[in-house]
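Dear colleague,

I am passing a structure on to you, and my notes on it follow below. Please read them with the coordinates open.

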Amino acid sequence: MNKGFFRDVRLSDLDALVSLTAQSLDFSRYCDTEEKCLAFGRGFVLRHLCESAFAQVYEGEGEVKGVLLGTIEKALLLFDASLSKEAERQYAIAFGPDRGKDIYGEACEGMKKATGLSFSGEVTLLSLKSEARGKGLARSLLKAYCREVLKYWNGKPIYLYSDTDCNYGFYPHVGFKKLGERTIDFDLGPERNGLLTCFLFVADPKILVANL
């Protein structure tokens, strides 16, 4: 791999981020056509962009090979709030006007509520292309995010959600602790496995910066 670099996310990265995210999230689990999968991916990335106070990518060989988006309590958001309207429009294409029941979101929020904790930020998206893995890029992105969190820090941990469709084993390996686990069923029919186990991981950003 040619030498790459880290930079801030641009709105022009949207298609690349959707493609990258599709490698780690099985969009077909939620949508039954290619058009709906694309709309879901665009809605997913746009929703997280409009919530982000940290958004960086790793670019190498002229393409985006990794991304981390995150929220930070009390930090300014990086993108215009109008992105949320476009995210909702894309979700409506994927799921219909009523968007259905968000059982994944409900499971995650239930785990978070059960901890009784408050948090200083959330890693909402961390994804790398397969050829970029094992090179320390995820660690570098995570360390940069934690350093930004510490500028506003009041002693509270950060958190993230992962699941069995993702490389969730990475997080305890770098210092996160699992505080929640729930299995949900998307009811995809007898020929498709709709079961998915979701996890809640938390960590002290100061400790992560020291260890990453």
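**What was found**

Thr124 lies in strand 4, residues 121-128 (strands are DSSP runs of E of at least two residues, helices runs of H or I of at least four, numbered from the N terminus). The model is a predicted one, in which local features need pLDDT of at least 70 and side-chain atom pairs count only at pLDDT 80 or more, while totals for chains, interfaces and linings use all residues. Residues are numbered from 1 along each chain as its sequence is written, and side-chain values use heavy atoms, with hydrogens and water left out.

With a relative accessible area of 12%, Thr124 is buried (under 20%, with exposed over 50% and partly exposed in between, for a 1.4 Å probe and protein chains only). Leaving aside residues up to four places away in sequence, Thr124 touches His48, Glu51, Leu69, Gly70 and Thr71, where contact means heavy atoms within 4.5 Å.

In helix 3 (residues 83-95), the buried residues are Leu83, Ala87, Gln90, Tyr91 and Ala94. Seen down the axis of helix 3, these fall within an arc of 100°, so they line one face of the helix; the arc is taken over the directions from the helix axis to the C-beta atoms. Helix 2 (34-50) is included in what covers the buried residues of helix 3. After helix 3 comes Gly96, with a positive phi near 95°.

Best regards
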